[in-house]
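Hello,

Here is the structure we talked about. Please open it first, then read my notes below.

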Amino acid sequence: SFVITRTARKTTLRLEYCTDVVSASTADAMIGAWSRALATLLKGKLSGKQQSQLNDETSNDSSEGAVADPAYLAEVLTLFKHYLGEFVNEKDDFFLSGGHSLLAIRILNELGKLYDKHLPSYLIFEGRTANNIAVSLKEIIEPGAGHRVSGVARLTQNPEGQNIWFIHPAGGALWCYKDLAERVLAGNLSSYGIECVPEASTGQFVSNLNTMAERYCLDILDRDQSQYYTIVGYSFGGNVAYEICRLLSQKYDKRCRLVLLDSHICAVKPFSRDDFALSYATKFTEGKPHLLDKTKLYLSDGSVNFSYIKSIGVGTGHITADTPLPDIESGLRMWLANNEAVHSHDPVGVFKGECLFIRATRNPSDSTSGWEKHLTDMKRVEIDAGHFDIYKPPATQMVAEHIVAFVNREFSA
């Protein structure tokens, strides 16, 4: 089914399909074709003045107005035209021209492979146009540019709405929140996200949860000068969100709310990096662990068989066939750091603010267990979903409704 969501600011087209009937690549092509046709139709009906206003409204990146280096712009625009169509120019909005998360991942993969760099998703989330993306890309790539790679990305924006902040899960990326962010926008809530990026000085991912929370807390305060904050975390991200809320309220004297999305509490316990490698590979099975042959996970020299992991991911639609192996290797390093943080951290103290805990009923483990002693004002709701699909349609509609109702009510005394 094609699902069309219309707000005062934008119209979103989404395709829902059964993976046992339609392949991910076919669905990708279908949604791309429909979106491009819709964008072409809209361009034909908009006057020059209206089109200018549309472009102004849909870009909020700091590089807006800067002129891109022709070499970088050529690379970005070539990919835009390849995936979105020849009609796209350097000022067209990626998402309004038919772009979506799968295409964004492909473009970042190809640019990352070309320049041998891990590229954060904010390049597309915030840049939106080929020109803006090329400006930010040059700042990241060229030595001596002095550009600090931040994990902060603006996901959606409503000038009159409150901001909520999504904190990445153990996988490190923000794509899992995109549908949810679009749905809460309908409730007049803007959103930011923080994804996992390596330290600029070392190139390593942070493996200490408290250090991570401190860093993200400063990112939030630097970007968002709100009266109060709502921090949302799914799975591992919930533990980071909890520590961020404690810091905001106790260290920085800010008012904030916490939303935990089926998040199991951290605990210090013995761990094996081999177990983390196995769980990372299992993630590529999209909830079908029987597809994974553990005997093929390692090569004869003891190194991880990334080609095998890629073949599993492509087969299930978790990744696309053009995903470069270095990206999968980088993903494992991120996964190892985040899981080490999970297994070496015990939550301390309490968060005395309001907390909404959204539990997935098809998760066989009660994810609320252990949180009671750390949360003095926790409201619990349940959603008919599993742990690995609570952030996907159709569950996201109910999740978004609960979050909107929670955020839009008055703060308790």
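A residue is called buried when its relative accessible area is under 20%, and exposed when that area is over 50%. By that rule, 51% of the 413 residues in the chain are buried. Keep in mind that this is a predicted model.

Now the overall picture. The chain has 13 helices and nine strands. It exposes about 19,200 Å², with 52% of that coming from carbon and sulfur atoms.

Next, the inside. The largest nonpolar core has 60 residues. F80, F94, I358, I390 and I403 touch the most other members. Helix α3 (residues 70-84) gives this core its largest share, eight residues. Another core lies apart from it and has 56 residues, including F205, L248, F284 and V342.

Then the charged pairs. The whole structure holds 16 salt bridges. One of them joins the side chains of K138 and D69, at 3.3 Å from N to O. K138 sits in helix α6 (residues 130-141) and D69 in the loop between α2 (48-58) and α3, so the pair ties together parts 69 residues apart in sequence.

D384 and R362 form a salt bridge too, with their closest N and O atoms 3.1 Å apart. Is D384 buried or exposed? D384 is exposed, because its relative accessible area is 57%. R362 counts as partly exposed, at 49%.

Last, R380 in strand β9 bridges to D366, the closest N and O atoms being 3.7 Å apart. Shared partners join R359, D366, R380 and E382 into one network of salt bridges.

Best wishes

Conventions. Residues are numbered from 1 along each chain as its sequence is written. This is a predicted model: local features need pLDDT of at least 70, side-chain atom pairs count only at pLDDT 80 or more; totals for chains, interfaces and linings use all residues. Side-chain values use heavy atoms; hydrogens and water are left out. Helices (H or I, at least four residues) and strands (E, at least two) are DSSP runs, numbered from the N terminus. Buried means under 20% relative accessible area, exposed over 50%, partly exposed in between (1.4 Å probe, protein chains only). Accessible areas come from the Shrake-Rupley method with a 1.4 Å probe; for residues, only the protein chains shown count as cover. A nonpolar core is a set of buried Ala, Val, Leu, Ile, Met, Phe, Trp, Tyr and Cys residues joined through side-chain atoms within 4.5 Å. A salt bridge is a side-chain nitrogen of Lys or Arg within 4 Å of a carboxyl oxygen of Asp or Glu.
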